[in-house]
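I opened my notebook to look a few things up in this structure. Have a look at it with me before reading on.

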Amino acid sequence: MNLYKILSVVIYLFSFAFAFIGLSSIQFEKFCNVKKPVQVQVLLFAFSMGLGYLIAQFLMMFVM
């Protein structure tokens, strides 16, 4: 049971990093207010968390 938890955490972290790298190539400054860069970074972080969760769920369906 502990191996399942460790493997799922690793998959979630890998998926988050993969999503963050992918989404960082999008220029969110074109869509958002450039005067508030912290909020754009928070938006990128939130999108990465959401997309990373979806990727991890997809991968865990096949792995486990």
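**Entry 1**

I started with Phe47, which I found in helix 2. Helices here are DSSP runs of H or I with at least four residues, while strands are E runs of at least two, and both are numbered from the N terminus. Before going on, I noted that this is a predicted model, where local features need pLDDT of at least 70 and side-chain atom pairs count only at pLDDT 80 or more, while totals for chains, interfaces and linings use all residues. I also noted that residues are numbered from 1 along each chain as its sequence is written, and that side-chain values use heavy atoms, with hydrogens and water left out.

Is Phe47 buried or exposed, or in between? Its relative accessible area is 41%, so I wrote down partly exposed. The terms work like this: buried is under 20% relative accessible area, exposed is over 50%, and partly exposed is in between, with a 1.4 Å probe and protein chains only.

Next I looked up what Phe47 touches. Not counting residues up to four places away in sequence, Phe47 touches Leu23 and Phe28; contact means heavy atoms within 4.5 Å. Phe47 and Leu23 are 24 residues apart along the chain, and their C-alpha atoms are separated by 7.9 Å.

**Entry 2: Ser48 and Ala19**

I moved on to Ser48, also placed in helix 2. Ser48 has a relative accessible area of 0%, so I noted it as buried. Which residues does Ser48 contact, leaving aside neighbours within four places in sequence? I found Phe16, Ala19, Phe20 and Leu23. The side chain of Ser48 also reaches the backbone oxygen of Leu44, at 2.8 Å.

Ala19 sits in helix 1. Ala19 is buried too, with a relative accessible area of 3%. Not counting residues up to four places away in sequence, I saw Ala19 touching Ser48, Leu51, Gly52 and Ile55. For Ala19 and Lys5, I noted 14 residues in sequence and 21 Å in space, C-alpha to C-alpha.

**Entry 3: Aromatic rings**

How many aromatic pairs does a search of the whole structure find? I got 5 aromatic pairs. In Phe58 and Phe62, the ring centres are 5.0 Å apart and the planes are at 80 degrees, so this pair is edge-to-face. The rule is that rings of Phe, Tyr and Trp (its six-membered ring) pair if their centres lie within 6.5 Å; planes under 30 degrees apart count as stacked, over 60 as edge-to-face and the rest as tilted.

Phe58 and Phe62 both lie in helix 2, 4 residues apart, which is about one turn of the helix. Phe58 is partly exposed at 48% relative accessibility, whereas Phe62 is exposed at 61%. I also wrote down that ring pairs link Phe16, Phe20 and Phe45 into a cluster.

**Entry 4: A nonpolar patch**

A nonpolar patch of about 880 Å² is made by Leu7, Phe14, Phe18, Phe58, Leu59, Met61, Phe62 and Val63. Such a patch joins nonpolar side chains (Val, Leu, Ile, Met, Phe, Trp, Tyr) within 5 Å, from residues with over 30% relative accessible area and no salt bridge; a salt bridge is a side-chain nitrogen of Lys or Arg within 4 Å of a carboxyl oxygen of Asp or Glu.

Which helix gives the most to the nonpolar patch? I found helix 2, with 5 residues. Leu59 lies in helix 2, and at 32% relative accessibility I noted Leu59 as partly exposed.

How values were computed:
Patches are made of residues with over 30% relative accessible area and no salt bridge: like charges are joined within 9 Å, nonpolar side chains (Val, Leu, Ile, Met, Phe, Trp, Tyr) within 5 Å. Accessible areas come from the Shrake-Rupley method with a 1.4 Å probe; for residues, only the protein chains shown count as cover. A polar contact is a pair of N or O atoms within 3.5 Å; within protein, one must be able to donate a hydrogen and the other to accept it, and residues adjacent in sequence count only if both atoms are side-chain atoms.
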